[in-house]
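Subject: A structure for you to look at

Hello,

I am passing on the structure we talked about, and below it you will find my notes.

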Amino acid sequence: MTVNVGLIGARGYVGREMLELIARHPEFSLAYASSREWDGKPIADMLDGDTHFDGQVFEALGPEAAADRKADVVILGLPNGKAAPFVEAVGNTASDSVLIDLSADYRHDDTWTYGLPERNRAEIEGASRIANPGCYATAAQLTLLPLKGLLDGQAHIFGLSGWSGAGTTPSRKNDPEALHDNVIPYGLVGHGHEREIAVHSGEDVRFMPCVASFFRGLIVTVSAQLTETADENQIAELFAETYRDEPFAMLLDEPAEPVAAAGTHLCQIGRPQLRADGRGVVVTSALDNLLKGAASQAIQNLNLALGFDEKTGLILAR
């Protein structure tokens, strides 16, 4: 059975990735793509002439109009704080639709399922309301997960991302001139991903991000203290056990680099390194902020929610 998918908020970088993944998914068909800025324009124009959506155009759909279309799945790709009217309308008109929200609006709402498959796979299966995790939050949590119960005190997380993470609205953080030969720190205290990482990992964390001059991809470096001394092989084996059967987590023998993860659906996790005292541990992980950090993780979650194989429509690049 073909699953009809509606995409609300299709204009940005993640919207483009979502459209490409929907086009490649053997079980999905695009019901509509809503964008006020692109209203009336052919969808194929955004996808460089891809013929999957020939004859379809972007539409400017409000909440009630979108709900009346009664898509089987509705993907919300709106800015933070904009999803609620669509959620309410779809809930009233097409309550059996599966909703997945890519913004931060429902990541702390207990009535929604937090969509980090490597941790919440059982809860995501069959879920109808899914909050897709943030890009940095995904990388950081997958780095921390094997160390659950082993950390003493705060974990410090330094993040560096490409400027696509700043979106399409012009700002200094996506201005090539401002970023040339430069790195821009931002959100150094109270960043939303800090709370998200802390709440969903159960760890006390401090998160400090910067944006750099490359376009896509990100890396986090996690530095923490273990409760007891260990050796690198022991810690590396914990990571191997955690991710042995995970299709979208890839363990490396060296530190992760964003250029290697960009364009893939993987979170690449570098081999843990221990300080001389045997307690200080440093781990890196990298992913594509537009894919595993957003669009392809949404497809991964939808596959689980709808009963498809988790990898359906996602070509692994290893």
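One thing to keep in mind as you read: this is a predicted model.

Six strands come together here in an open sheet, ordered E2-E1-E3-E4-E6-E5, and their pairing is parallel. At the edges stand E2 (28–34) and E5 (113–114); each has a single partner strand, so one side of each is left without a neighbour in the sheet.

Next, please turn to strand E14 (280–287). Of its 8 residues, 7 are buried, which leaves the strand mostly covered. Which strands does E14 pair with? Here is what I found:

- E10 (residues 218–225) runs antiparallel to E14, and 8 bridges join the two. Val222 is placed opposite Val283.
- E12 (267–269) is also antiparallel to E14, with 3 bridges. Here Cys267 faces Leu287.
- E13 (273–274) pairs with E14 over 2 bridges, again in the antiparallel sense. Gln273 sits opposite Val282.

E13 and E14 also form a hairpin, with 5 residues between them. Within that turn, have a look at Gly278, which has a positive phi of about 75°.

Four of its residues, Ile235, Ala236, Phe239 and Tyr243, are buried. Why do they share a side of H9? They cover an arc of only 100° around the axis, and that puts them on the same side of the helix. On the other side of H9 you will find Asn233 and Glu241, both exposed. The partners that the buried residues of H9 pack against include helix H5 (117–124), helix H6 (135–144), strand E11 (249–251) and strand E14. At the start of H9, a side-chain oxygen of Asp231 comes to within 3.0 Å of the backbone nitrogen of Asn233.

The largest nonpolar core has 37 residues, and Leu144, Ile157 and Ile197 touch the most other members. Among the elements that each supply at least two residues to this core are E7 (155–161), E9 (205–211), E10, H9 and E14. H6 gives the most, with 7 residues. To see Leu144 in its surroundings, set aside its neighbours within four places in sequence: its contacts then include Leu151, Ala155, Ile157, Ile197, Val205 and Val222, as well as Ser201 and Glu203. Apart from this core lies another, of 34 residues, and Val3, Leu102, Ile299 and Leu302 are among them.

Is Glu17 buried or exposed? Its relative accessible area is 11%, under the 20% cut-off, so Glu17 counts as buried. Not counting residues up to four places away in sequence, Glu17 touches Arg216, Leu290, Leu291 and Ala295.

Enjoy exploring, and do write back with any questions.

Best wishes

Technical notes: Residues numbered from 1 in each chain as written. Predicted model: local features only at pLDDT ≥ 70, side-chain atom pairs only at ≥ 80, totals over all residues. Heavy atoms only, no water. Buried < 20%, exposed > 50% of the residue type's maximum accessible area, 1.4 Å probe, protein only. Arc of directions from axis to C-beta. Contact = heavy atoms within 4.5 Å. Polar contact = N/O pair within 3.5 Å; in protein donor to acceptor, adjacent residues only side chain to side chain. Pairing = 2+ DSSP bridges. Core = buried A, V, L, I, M, F, W, Y, C linked by side-chain atoms within 4.5 Å.
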